[in-house]
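This briefing concerns the structure shown below. Please read the points that follow alongside the sequence and the model.

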Amino acid sequence: MTDVVDSDELLRRIQRARACAREEQLAWRARGADLAQADADGARDARVRALAYEAVLRVLDEILTPGRQ
């Protein structure tokens with residue numbers, strides 16, 4: 001089933017997704033910093049996840065403000 005979404009709703013959804021991705025990126029960075037001394041593998045995994053969310057943020061930023069960066 002396909003839902004029809006107007007441009008304003010699409011923009012709101014993208015902005016919510018960006019905010020969620022930013023929160024996740026910050027959470028994984030903090031988790032990586034906490035694990036740095038105790039669990040090297042866990043810290044590396046957290047850094048990789050933070051980088052993945054950073055990539056998502058860059059894509060969403062480009063959608064929201066094309067050519068800004």
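The notes below cover helix packing, individual residues and ring contacts. The structure is a predicted model. Its description begins with two helices, H1 at residues 7-35 and H2 at residues 40-64, which pack with their axes 8 Å apart.

**Helix packing**

- The angle at which H1 and H2 pack is about 160°.
- Because angles over 145 degrees count as roughly antiparallel, H1 is roughly antiparallel to H2.
- H1 and H2 make a left-handed crossing.
- In the contact of H1 with H2, the residues comprise 16 nonpolar, 4 polar and 8 charged.

**Val4, before H1**

- Val4 lies in the segment that precedes H1.
- With a relative accessible area of 82%, Val4 is exposed, since the cut-off for that class is over 50%.
- Between Val4 and Val59 there are 55 residues of sequence separation, and their C-alpha atoms are 23 Å apart in space.

**Ile63, in H2**

- Ile63 belongs to helix H2.
- The relative accessible area of Ile63 is 49%, and the residue is therefore classed as partly exposed.
- Ile63 and Ser7 are 56 residues apart along the chain, with a C-alpha separation of 13 Å.

**Ring contacts**

- The charged end of Arg31 is placed over the ring of Trp28, at 4.2 Å from the ring centre.
- The count of aromatic pairs is 0, where a pair requires ring centres within 6.5 Å.

Notes
Residues are numbered from 1 along each chain as its sequence is written. This is a predicted model: local features need pLDDT of at least 70, side-chain atom pairs count only at pLDDT 80 or more; totals for chains, interfaces and linings use all residues. Side-chain values use heavy atoms; hydrogens and water are left out. Axes are lines fitted to C-alpha atoms, for helices over the stretch in contact, and angles run from 0 to 180 degrees between N-to-C directions. Helices (H or I, at least four residues) and strands (E, at least two) are DSSP runs, numbered from the N terminus. Angles under 35 degrees count as roughly parallel, over 145 as roughly antiparallel, 65 to 115 as roughly perpendicular and the rest as oblique. A crossing is left-handed if the near helix is turned anticlockwise from the far one by less than a right angle, and right-handed if clockwise. Ala, Val, Leu, Ile, Met, Phe, Trp, Tyr, Cys and Pro count as nonpolar, Asp, Glu, Lys and Arg as charged, and the others, Gly among them, as polar. Buried means under 20% relative accessible area, exposed over 50%, partly exposed in between (1.4 Å probe, protein chains only). Rings of Phe, Tyr and Trp (its six-membered ring) pair if their centres lie within 6.5 Å; planes under 30 degrees apart count as stacked, over 60 as edge-to-face and the rest as tilted. A charge sits over a ring if NZ of Lys or CZ of Arg is within 6 Å of the ring centre and within 35 degrees of the ring normal.
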